[in-house]
Amino acid sequence: MHVRMLTGGIVTACLVSLSLTAGQAAAAAPRAADAPLAARVLTYDASGSAEFKSAVNRGAAIWNESVDAVELRPVAAGQRANIRVLADNGWPRALPTTLGNGTVYIGRQAVDQGYDTIRISSHELGHILGLPDRKPGPCSSLMSGSTAGISCTNPYPNAAEKAEVEGNFGGVLAGRAPAGRAEVIVD
């Protein structure tokens with residue numbers, strides 16, 4: 001009988017303490033929720049992007065202007081980048097490894113056909129940020145890629161694309177693979 005009463009008293013004391021502690025945590029939560037979250041910084045290395053380096057820098061700047069949850073910065077000397085950007089003679093493509101990490105190819109084939117280099121850069125970076133192709137699509141959709149035609153030079157994500165990237169990086173754990181993005185994305 002004493003054991004049961006003693007155990008019951010200890011359990012009651014623990015529950016009261018826990019509820020008081022939880023109440024303090026709950027009271028503090030609104031203040032933490034009001035504080036803005038810091039953007040997740042991703043670095044990119046455009047040293048291998050040859051003649052497309054300024055287009056890559058502009059594409060990164062467009063994403064920085066468009067979303068708050070992630071910021072793309074050039075990698076510092078001697079550091080490893082989250083995103084490598086290379087130029088080659090093929091079609092543009094992205095090889096995401098995990099969300100916010102991978103390799104982008106700015107392919108000269110599309111550029112030679114008349115596609116805009118800044119749109120290509122923004123589009124391919126969009127894949128690294130977790131966005132899929134949305135083909136066919138209008139010029140107002142960055143992720144419509146080549147289906148918008150060579151006359152389309154819009155390098156900006158639309159509201160839905162911005163919201164998706166915000167959702168991808170708003171509180172996600174680093175290293176999470178974007179759903180269905182383990183394969184090469186050829187545009």
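Predicted model: local features only at pLDDT ≥ 70, side-chain atom pairs only at ≥ 80, totals over all residues.
The phi angle of A50 is near 50°, a positive value in a residue other than glycine. Residues count as exposed over 50% relative accessible area and as buried under 20%; A50, with a relative accessible area of 46%, is therefore partly exposed.

The peptide bond that joins K135 and P136 is cis, with omega at about -10°.

The packing of two helices was examined next. Two packed helices are described by the angle between their axes and the distance between the axes. For α2 and helix α4, which spans residues 117–128, the angle is about 55° and the axes are 8 Å apart. Angles of 65 to 115 degrees count as roughly perpendicular and those under 35 degrees as roughly parallel, so α2 is oblique to α4. The crossing of α2 and α4 is right-handed. On the α2 side, the contact is made by A55, V56, R58, G59, A60, I62 and W63. On the α4 side, T117, I118, S121, S122, L125 and G126 take part.

Helix α5 comprises residues 159–169, and its buried residues are E161, V165, N168 and F169. These residues lie on the same side of α5, because they cover an arc of only 85° around the axis. A159 and A160, on the other side of α5, are exposed. The elements that cover the buried residues of α5 include strand β1 (40–48), helix α2 (53–66) and strand β2 (70–74). At the start of α5, the backbone nitrogen of A160 has a side-chain oxygen of N158 within 3.1 Å.

R93 has a relative accessibility of 19% and so counts as buried. The side chain of R93 makes polar contacts with two partners. One is the side chain of D88, at 2.3 Å. The other is the backbone oxygen of W91, which the side chain of R93 reaches at 2.8 Å.

Methods. Residues numbered from 1 in each chain as written. Heavy atoms only, no water. Buried < 20%, exposed > 50% of the residue type's maximum accessible area, 1.4 Å probe, protein only. Helix = DSSP H or I, 4+ residues; strand = E, 2+ residues; numbered from the N terminus. Arc of directions from axis to C-beta. Contact = heavy atoms within 4.5 Å. Polar contact = N/O pair within 3.5 Å; in protein donor to acceptor, adjacent residues only side chain to side chain. Axes fitted to C-alpha atoms, helices over the stretch in contact; angles between N-to-C directions. Parallel < 35°, antiparallel > 145°, perpendicular 65-115°, else oblique. Left-handed = near helix turned anticlockwise from the far one by under 90°.
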